[in-house]
Amino acid sequence: VNPLTGTEIPIYVADYVLMEYGTGAVMAVPAHDQRDFEFARKYDLPVIVVIQPEGADLDGATMTEAHIEEGTMVNSGPFDGMPSLDGVRRVTEYLEEQGMGKAAVNWRLRDWLISRQRYWGNPIPIIYCDKCGMVPVAYEDLPVMLPDDVDVGAGAPLAQHEGFVSTVCPSCGGPGRRETDTMDTFTCSSWYFLRYTSPHDETLPFARDAADYWMPVDQYIGGIEHAIMHLLYSRFFTKALHDAEMIDCVEPFSNLLTQGMVKLGGATMSKSRGNVIAPDEIVASYGADTARMFILFAAPPEKDLEWSQEGVDGIYRFLNRAWRIVLETIDKGLAGPSSGVGESEKSASGLRGDVHRTIKKVGDDIGRFNFNTAISAIMELVNAMYKVSQSSERDAAMGEAAETVVLLLAPFAPHMAEELWERQGHAESVHRQPWPQYDPEFAKTETVTLVVQVNGKVRDRIEIEAGASDDEIKEVAVASERVAKFVEGKEVVKVIAVPGKLVNIVVK
């Protein structure tokens, strides 16, 4: 009996199998499932419409195919007239309230071709015995170690290695044969981060207290090819270990950054395509710092990077400019923090402002993984130093600027920064220095007042940093509380920004 309508439901037994379900009982809905529809027509079974499409009146007796789209529920008792999507939820809630059923999520995990491995994967700790059958390797004999002297060109290297295959049955002491298949390497990559929490433990894969202290991983960074299988299986392994009470955490990673691919001429670099540029060539001609810095500058990390020889040349020129200006300050004896009192107080204040605003921006951008804009800010600071150095007056802030540039460059151009730091008279590595701190007073930026209009009518005035980009201006304008009530429930057609003057939001 249908618990919702009170009508009897006929039961049919047939040699009919659905690939997703296998054998068993299924609730057939012939009017709304093509497979059920064809089955019902073949055996002349009734077809009852329970979802009517808008503007139509389906008749189960005359339908030529199942209606599988959304619509309005009919022949569904108290749920008649409901949109079908809402109806599914409401029916489930009703069944739960009546104690007749509940919602459930079915999960299915593929084994990811675990049977393909023949040597380089995880050994399976199983021994086969003619007397005892399949026997697990004794605990004290774990881990099973793969032999080094194998013929990797053979179809099944382990199966042909007599010294590995032949062993003793842990149960009866008779002759045994080791399992010669190995698990896929994903079984290692799915939990390796836990091994990092206690890498020197020789008795356990990881120590519980160490794993609970370090996990979950704060930041996971990987290519898009890892964002599906690896992430999925890492989560599965972590949850399984949690359920086995081996770790506290339920999720392996707190944050995920999926980095973009490197492209050349619009195509992803690949050995198979033959469009790879060897890093050795760049390092030999420009140095490792140029290669590293170009990659970080050319695009945000989550975007694809188009390799550009012109871009490499540009970074090389910038690093040379930074090198020269820092050496110039050393030659003039200007190394070291500024006291804020120089021969030209006005000029010093201007450069000091640039220094402290740059420290703030670079620090903030690195925290957001916006390495390209962080490098751009360092470039602007170097340009500001050149303007001061070309003036007729020496500037007491130049020493502070020079040290700041070296400290800020250290994550991006580590080798050059180390060399310059030593030339500035420091004994300890630049990479062991604390991150430079900025003075909020010096880091203040000039602001401008912008008029915000909605369809040409003034609705607000906002303060924003001078020089803010169009996107930043638009974002602040749309977020205004005074503007929100004139935009709410309407479609924003476009946002027009006139830097330094106004923002006009067009809605309809």
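**Terms and their grounds**

Modeller: Pro-143 lies in the loop between β5 (133-136) and α3 (162-165). Helices (H or I, at least four residues) and strands (E, at least two) are DSSP runs, numbered from the N terminus. This is a predicted model, in which local features need pLDDT of at least 70, side-chain atom pairs count only at pLDDT 80 or more, and totals for chains, interfaces and linings use all residues. Residues are numbered from 1 along each chain as its sequence is written, and side-chain values use heavy atoms, with hydrogens and water left out.

Biologist: What makes the peptide bond that joins Leu-142 and Pro-143 a cis bond?

Modeller: Its omega is about 0 degrees. The bond from Met-215 to Pro-216 is also cis, with omega near 0 degrees; Pro-216 is in the loop between α6 (208-214) and β9 (220-223).

Biologist: Why is the phi of Asn-75 worth a remark?

Modeller: Most residues other than glycine have a negative phi. Asn-75 is not a glycine, yet its phi is positive, about 50 degrees. This residue lies in the loop between β2 (72-73) and α2 (84-97).

Biologist: Why is Asn-75 called partly exposed?

Modeller: Buried means under 20% relative accessible area and exposed over 50%, with partly exposed in between (1.4 Å probe, protein chains only). Asn-75 has 48%, so it is partly exposed. Phe-369, at 21%, therefore counts as partly exposed too.

Biologist: How do you know that Asp-289 has no salt bridge?

Modeller: A salt bridge is a side-chain nitrogen of Lys or Arg within 4 Å of a carboxyl oxygen of Asp or Glu. Lys and Arg count as positive and Asp and Glu as negative, while His and the chain ends are not counted. The nearest side chain of opposite charge to Asp-289, Arg-292, is 5.8 Å away, so there is no salt bridge, although Asp-289 is buried.

Biologist: Which backbone nitrogen does the side chain of Asp-289 reach?

Modeller: That of Met-416, at 2.7 Å. Asp-289 itself lies in helix α9 (residues 288-298).

Biologist: How do you know that β14 and β15 pair?

Modeller: Two strands pair if DSSP finds at least two bridges between them. Strand β14 (residues 447-454) is joined to β15 by 8 bridges, so the two pair, and they run antiparallel. In β15, Asp-460 is the bridge partner of Val-452.

Definitions and conventions:
Polar contact = N/O pair within 3.5 Å; in protein donor to acceptor, adjacent residues only side chain to side chain.
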